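Hello,

Here is the structure I promised to hand over. Please open it first, then read my notes below.

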Amino acid sequence: MKMSIDSTVELLNGVAMPRLGLGVWRTQEGEEVERAVGAALQAGYRSIDTASMYGNEAGVGRAVRDSGVPREQVFVTTKVWNDQQGYDNTLRAFEQSAANLGLGHVDLYLIHWPVKGKYKDTYRALEELYEQGRVRAIGVSNFLEHHLEDLMGACRIKPMVNQVEMHPLLTRKKLLMFCRKEGIQLESWRPLMQGNLDLPLLQELSRKYGKTPAQIVIRWHLQLGVVTIPKSVTESRIRENAGVFDFELEPEDMNRIDELNENRRFGADPDNFDF
Ligand SMILES: NC(=O)C1=CN([C@@H]2O[C@H](COP(=O)(O)OP(=O)(O)OC[C@H]3O[C@@H](n4cnc5c(N)ncnc54)[C@H](OP(=O)(O)O)[C@@H]3O)[C@@H](O)[C@H]2O)C=CC1
Ligand SMILES: O=C1CO[C@H](CO)[C@@H](O)[C@@H]1O
């Protein structure tokens with residue numbers, strides 16, 4: 001029987017988060033981000049992933065407001081950057097992000113990276129914002145098991161989401177299992193390996209299912225129960241990347257994609273970053 005996938009997952013606090021969103025890193029503030037977000041909302045996306053560090057929160061906000069899609073139907077994530085961490089700084093950073101977006105509440109606010117000595121204080125600010133109703137959900141990004149364990153030993157409200165680098169060359173099975181056990185929703189960044197999709201297996205599955213390599217990879221994320229946020233500024237690809245709810249990868253093909261794992265990062269190591 002075909003495995004149908006709901007368009008949303010339920011977070012620990014009951015909030016519905018879309019399984020597929022548009023990432024907007026390296027999408028320029030102004031016309032570029034407005035066009036990409038506008039095209040995504042038109043194509044049926046209901047989730048946008050930005051960050052204060054991306055410099056395009058204002059454009060995301062304008063595109064959402066101008067889209068004609070009711071605000072409550074769009075799930076907007078932003079993140080506190082590394083040099084904004086600490087309790088007071090984070091509260092200030094949030095005010096700036098919320099003003100940039102101009103959308104009232106933020107749906108999901110994340111700690112962008114686990115800055116040593118700071119992330120617990122940063123998270124206290126997120127808890128405060130959550131309790132004040134300024135954000136509908138809170139979480140973290142680039143947290144490994146030990147960061148999560150450390151944070152969970154100190155926090156009052158469990159993180160609802162952990163957004164990490166994940167794709168067929170970095171499958172993160174242990175972290176995925178850990179997050180599943182804790183009820184923390186795993187969300188994958190760089191899901192398309194930045195467009196490096198020219199792998200023989202992906203080409204083979206593309207022919208088998210009559211889907212593009214990007215669609216095969218996005219579907220693999222979804223069937224693992226992972227929320228994902230492929231980025232594109234190209235309208236046709238934005239639409240293509242959303243065409244993933246009308247087919248199903250067979251279990252053996254899921255396993256073959258899992259086996260591509262090389263523990264290969266395209267981005268930084270959460271235990272060793274210097275930005
Ligand atoms: N929390 C964190 O630390 C991080 C979060 N992120 C988030 O994750 C999002 C996604 O990750 P990102 O690093 O952007 O990389 P992705 O894996 O999403 O790849 C994006 C690249 O793939 C290309 N592409 C998109 N769709 C297709 C397609 N169908 N076929 C071929 N190529 C395609 C895009 O080109 P084009 O745009 O030209 O169409 C772009 O060059 C980011 O935008 C950001 O929101 C990313 C990194 C770190
Ligand atoms: O969100 C982000 C976009 O990509 C960058 C480069 O990999 C990351 O460092 C950053 O966390």
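**The ligand shell**

In this predicted model, ligand 1 is surrounded by 28 residues. The closest are Gly23, Leu192, Gly195, Ala214 and Lys231. Which helix gives the most to this shell? Helix H9, residues 235-242, with three residues. By type, the shell around ligand 1 holds 11 nonpolar residues, 12 polar ones and five charged ones.

**Tyr54**

Tyr54 carries the annotation "active site" in UniProt; the entry is unreviewed. Look for Tyr54 in the loop that runs between strand S4 (47-49) and helix H2 (57-66). Is Tyr54 buried or exposed? Tyr54 has 21 C-beta neighbours inside 10 Å, so Tyr54 counts as buried; the cut-off for that is 20 or more. Leaving aside residues up to four places away in sequence, Tyr54 touches Val24 and Trp25.

**Gly30**

Gly30 also sits in a loop, between strand S3 (22-23) and helix H1 (31-42). Here the count gives the opposite label. Gly30 counts as exposed because it has 12 C-beta neighbours inside 10 Å, and 12 or fewer is the limit for that class. One distance to check on screen: the C-alpha atoms of Gly30 and Ala63 are 9.6 Å apart. Along the chain, Gly30 and Ala63 are separated by 33 residues.

When you go through the model, I would start with the shell around ligand 1, then turn to the loop with Tyr54 and the loop with Gly30.

Best wishes

Terms used. Residues are numbered from 1 along each chain as its sequence is written. Chains are lettered from A and ligands numbered from 1 in the order in which they are written. This is a predicted model: local features need pLDDT of at least 70, side-chain atom pairs count only at pLDDT 80 or more; totals for chains, interfaces and linings use all residues. A residue is near a molecule or strand if its C-beta atom, placed from the backbone, lies within 6 Å of it. Helices (H or I, at least four residues) and strands (E, at least two) are DSSP runs, numbered from the N terminus. Ala, Val, Leu, Ile, Met, Phe, Trp, Tyr, Cys and Pro count as nonpolar, Asp, Glu, Lys and Arg as charged, and the others, Gly among them, as polar. UniProt positions are given in the numbering used here, feature names are shortened, and annotations may be inferred rather than shown by experiment. Two residues are in contact if their C-beta atoms, placed from the backbone, lie within 7 Å.
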